[in-house]
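Welcome, and thanks for opening your viewer. Let's take a short walk through this structure, one selection at a time.

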Amino acid sequence: MRWQGDSDRPEGVDAVTDDLGRPVRPIGRTAVWRRIDPGHALLFAAILAVGVALRFYRITELPAALYPDEAFYGTDTLRSMASGVWRVFYPLNNGHEGLIVWLHAPFILLFGTTPWVLRLQPAVLGSLTLIAIYLLALEFARGFMATGRDGARRMALLAMLFLATNSWHLHLSRLGFRAVHVPLFAALAVWALLRARRLNSAWAYGVSGVMTALAIYTYPNGRFVPFVPFGMFALDLLISRLRLRGFGIFVACFAIVFLPLGIYYIGHLQEFAARYDQVGFTAAASPARELLRSFYRTLQSPFFFGDALWRHNVSGAPFLYPLVAFACFLGLLLALASVAHRLRLIDARTAATTMRPYGAAVLLLFLGVMSVPAILTTEGIPHALRSGGMLPPLIVAAAVAAEIAIAWAVRLATEAWARMMLVAAVAFVAMLLVQSVTYEYFSLWAGNPKSRLAFYPDMTELALQIDRLGNDIPKYVVTDRAGVPGDLHWLVQPIVFITNTASAAQQQQRNIHYVTVSELRAHGVANEPAIYFLIDEAAPARDWLQQQAPAAEIRTLPHTWQEMQDLSR
């Protein structure tokens, strides 16, 4: 079999070839499918429907509360909506890129400031990632697997099924964090570049550049996504397959989209690195030991022991289910063997024939690059959010092994009864995966009190309580300390979002005042009918405040944030 870029490609064979080394038709006349297969379309729709249903079912109830970090993105959105100023980077709360704010805005505009509204765009993007992983796996199979058209489609459906029923991705899709954006844009960036490479397609090069740049606007581990396509271009250069025109289109599109954020980064390097300075391994007493520890814990997390934080995961559960984890392990072994054969380290001709060395190298590059953000940090490792970019290559690797197994079984099943048994077995595994993720998330995780406590539900309940109070009642939210200049304390962000009081004008309208204990002591307290809500470490000021304002009502939370975190472990 002849592969693109290999030295044994015969003369006259077009460099733009399909998975069997045959020249493809010129760009512009290439059809993805000559006709739509109704059975395949039905399976695609069924898997997509299951994945979407899992991501939206009881979205107004689970997770049970709005965590301050989630609320912070909402309050940044409210400030931008009120001021009309939309930023590429928002500096508060250790800083974050602007994409999540831009995506939150239409949902807040439609549904208001209810707690669950901040979970809608993650659920939408998580659902779109199912389509992205289908496209990525399909392109990978068509370009690098020794499989036909039916096998490539089957492998794409398997990848889609594995991601749809993956509890790791389900958690990311139902949290108001940014981590769910990374698998989507990373998968689309690599898919488009693989397609561009196979078809020499200008538009695909451009799409890849745009998706790669957008990944940087998502979450800190999205900043590593560009290393994957640029690594692929480096591989092309090594095998004399680099197309300068395509590379130029990619770089131009990437630069145009990234330029606004890049200019901001240059002028605010301290904000760019703020979060890493807090959690990076270089801040540890023994950096080398911490780096090795993070390396081991990150790479084993899909298979053995995952994130221990109940907010992100069923504490300690591996990121992949056993059947998918085993398939993923076999797929990665196949990729390693294919690359090793190409480097003439071992004789694994069958592996190199089954998965082309270039595709194997891309898969390993993708996984390796996207594991780095977690490896470079020490806090909460294994970390479901920082490791999220590993999902696409892990899922594709699992789909590779599963497709090889099914293709082998199809060849053996020559009689009708055997084929029926094979279909029944695959359907049973699919149902098992759906049942497993449903039970794990909606029963095992949602039913555990620690999953609720991890979101500090007291603060969300207090925010809803304050929101129900009339505007004629003065309401004082008292903290022990202020946030950074121009900001409020991190813990009160659920109150700010749910009551829609991110701006001074809105605070005045709702008669809600955010103050610190030191401010009250410095300026005095009016003895008037009002309600004071003492947050976290401000609670010890209760007796003093009651003496200063006997006409006021004073309320405190049952637990401090730290007590709640301790209870959730």
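Before you click anything, keep in mind that this is a predicted model. Our first stop is a pair of helices, α1 and α4, which are roughly antiparallel to each other because their axes cross at roughly 155° and angles over 145 degrees count that way. To see this, select residues 38–56 for α1 and residues 120–144 for α4. The two axes come within 9 Å, and the crossing is right-handed.

Now show the side chains where the two helices touch. On α1, pick His40, Phe44, Leu48, Gly51, Val52, Arg55 and Phe56. Facing them from α4 are contact residues including Leu120, Val124, Leu130, Ile131 and Tyr134. What classes of residue make up this contact of α1 with α4? It divides into 10 nonpolar, four polar and one charged.

Select Leu43, Arg154, Leu157, Leu158 and Val426, the lining residues that lie nearest the pocket's centre. The space here is about 810 Å³, and 25 residues line it.

Which helix gives the largest share of the lining? That is α18, with eight residues.

Note on methods:
Residues are numbered from 1 along each chain as its sequence is written. This is a predicted model: local features need pLDDT of at least 70, side-chain atom pairs count only at pLDDT 80 or more; totals for chains, interfaces and linings use all residues. Side-chain values use heavy atoms; hydrogens and water are left out. On a 1 Å grid over the protein atoms alone, a cavity is a set of points where a 1.4 Å probe fits but cannot get out, and a pocket is an open set with protein on both sides within 12 Å along at least five of seven lines; lining residues have an atom within 4 Å of a point. Grid points are joined across faces, edges and corners, and a volume is the space filled by probe spheres set on the points. Helices (H or I, at least four residues) and strands (E, at least two) are DSSP runs, numbered from the N terminus. Axes are lines fitted to C-alpha atoms, for helices over the stretch in contact, and angles run from 0 to 180 degrees between N-to-C directions. Angles under 35 degrees count as roughly parallel, over 145 as roughly antiparallel, 65 to 115 as roughly perpendicular and the rest as oblique. A crossing is left-handed if the near helix is turned anticlockwise from the far one by less than a right angle, and right-handed if clockwise. Contact means heavy atoms within 4.5 Å. Ala, Val, Leu, Ile, Met, Phe, Trp, Tyr, Cys and Pro count as nonpolar, Asp, Glu, Lys and Arg as charged, and the others, Gly among them, as polar.
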